[in-house]
Each structure stands twice: as structure tokens, then as C-alpha cells.
Amino acid sequence: MRVLTVAAAAALLSLPAMAQVSTRSFEPATAGEFAALCNTAATDPSYAEAMGFCRGMGRGAWEYHREITPANAQRIVCPPSPLPADADLRARFLAWTKADARNAAQRPVEGLFRFLSTTFPCPR
């Protein structure tokens, strides 16, 4: 509950700052929109904000997943060490959403975890 409260407070506190920085929408409704946002061109005026949003949403989803998953539960994602570069992961996520319209149509976090679980499956 504590993590959820902190996450909600952080999200609420960031809304006014985001509105002042850019008029671009940072509310992706689908995994495809989220992947596209995470692959914003470095020349785009909202690049820094897009990368901050992408990393923050991804990290927040990952940390929440880790927090609510019981220690003895079967893991669904087993990332390699070291992790691939951020740019590589973002490009692979975008390619995954473009490869199948069903991937792109999923909710952002659901799509992100489906991508991660198929890209970095855990041994069974």
C-alpha cells in the first residue's frame, strides 16, 4: 500500500510540471502509442520529456511488479545481465508492437510486460 501511495503522489506532483514543459500528450492509451513515445527522435523538442516519461513509466511498472509479486512466485521476466542498451530495448519494443496489431492494441503496461516476457522468458 505504501508503494502505491508514493507512486500516486509522484504522479500527481509531476502533472503540473509536465503541462508547463510541453503540450505533447504523455497519456499513451496503447502499447503501440507507448512504444512510439519511447522512440521519440532526439531532434524532437519534447525528446527529454518523452524519455523521462518512458523511463519513469517503465521503471515504475517494473518496480510495482516486483513489489506485488510474492518471493516464491514463478517469475515471468528474466532479463539478462547486463541489460541491453536502453535504445536497443526501446527499438525492439517498437518493432514488437509494429509486428502485430494485437501487440500494439494492448494497454501500455500489459503490452510492456508481454514484450518483456517473450523477449526475456524465464526457464521453466
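This is a predicted model: local features need pLDDT of at least 70, side-chain atom pairs count only at pLDDT 80 or more; totals for chains, interfaces and linings use all residues.

Colleague: What makes Cys-38 and Cys-54 a disulfide?

Modeller: Their sulfur atoms are 2.1 Å apart, and a disulfide is a pair of cysteine sulfur atoms within 2.5 Å. In general, a disulfide is a covalent bond between the sulfur atoms of two cysteines. The S-S torsion of Cys-38 and Cys-54 is about 105°, so this disulfide is right-handed. Cys-38 sits in helix H2 and Cys-54 in helix H3, 16 residues apart, so the pair links distant parts of the chain. Helices here are DSSP runs of H or I with at least four residues, numbered from the N terminus, as are strands (E, at least two).

Colleague: How many disulfides does the structure hold?

Modeller: The structure holds 2. Cys-78 and Cys-122 are joined too, with 2.0 Å from S to S. Their S-S torsion is about 105°, so this disulfide is right-handed. Cys-78 lies in the loop between H3 and helix H4 (86-99) and Cys-122 in the segment after H6, so parts 44 residues apart in sequence are tied together. At 23%, Cys-78 counts as partly exposed, whereas Cys-122, at 10%, counts as buried. With the bonded cysteines numbered in sequence order, the pairing reads 1-2, 3-4.

Colleague: Why are H2 and H3 called oblique to each other?

Modeller: H2 (residues 31-38) and H3 (residues 47-68) pack at about 130°, with axes 8 Å apart. Axes are lines fitted to C-alpha atoms, for helices over the stretch in contact, and angles run from 0 to 180 degrees between N-to-C directions. Under 35 degrees is roughly parallel, over 145 roughly antiparallel, 65 to 115 roughly perpendicular, and the rest oblique. The pair of H2 and H3 is therefore oblique. Phe-34, Leu-37 and Cys-38 of H2 touch residues of H3 including Phe-53, Cys-54 and Met-57, where contact means heavy atoms within 4.5 Å.

Colleague: What makes H3 and H6 roughly perpendicular?

Modeller: Their axes cross at roughly 75° and come within 11 Å, so H3 and H6 are roughly perpendicular to each other. On the H3 side, Met-57, Gly-58, Ala-61, Trp-62 and His-65 make the contact, and on the H6 side Pro-108, Val-109, Leu-112 and Phe-113.

Colleague: How do you know whether Thr-118 is buried or exposed?

Modeller: Thr-118, in helix H6 (residues 108-119), has 53% relative accessibility, so Thr-118 counts as exposed. Its side chain reaches the backbone oxygen of Arg-114 at 3.0 Å.

Technical notes: Residues are numbered from 1 along each chain as its sequence is written. Side-chain values use heavy atoms; hydrogens and water are left out. Buried means under 20% relative accessible area, exposed over 50%, partly exposed in between (1.4 Å probe, protein chains only). A polar contact is a pair of N or O atoms within 3.5 Å; within protein, one must be able to donate a hydrogen and the other to accept it, and residues adjacent in sequence count only if both atoms are side-chain atoms.
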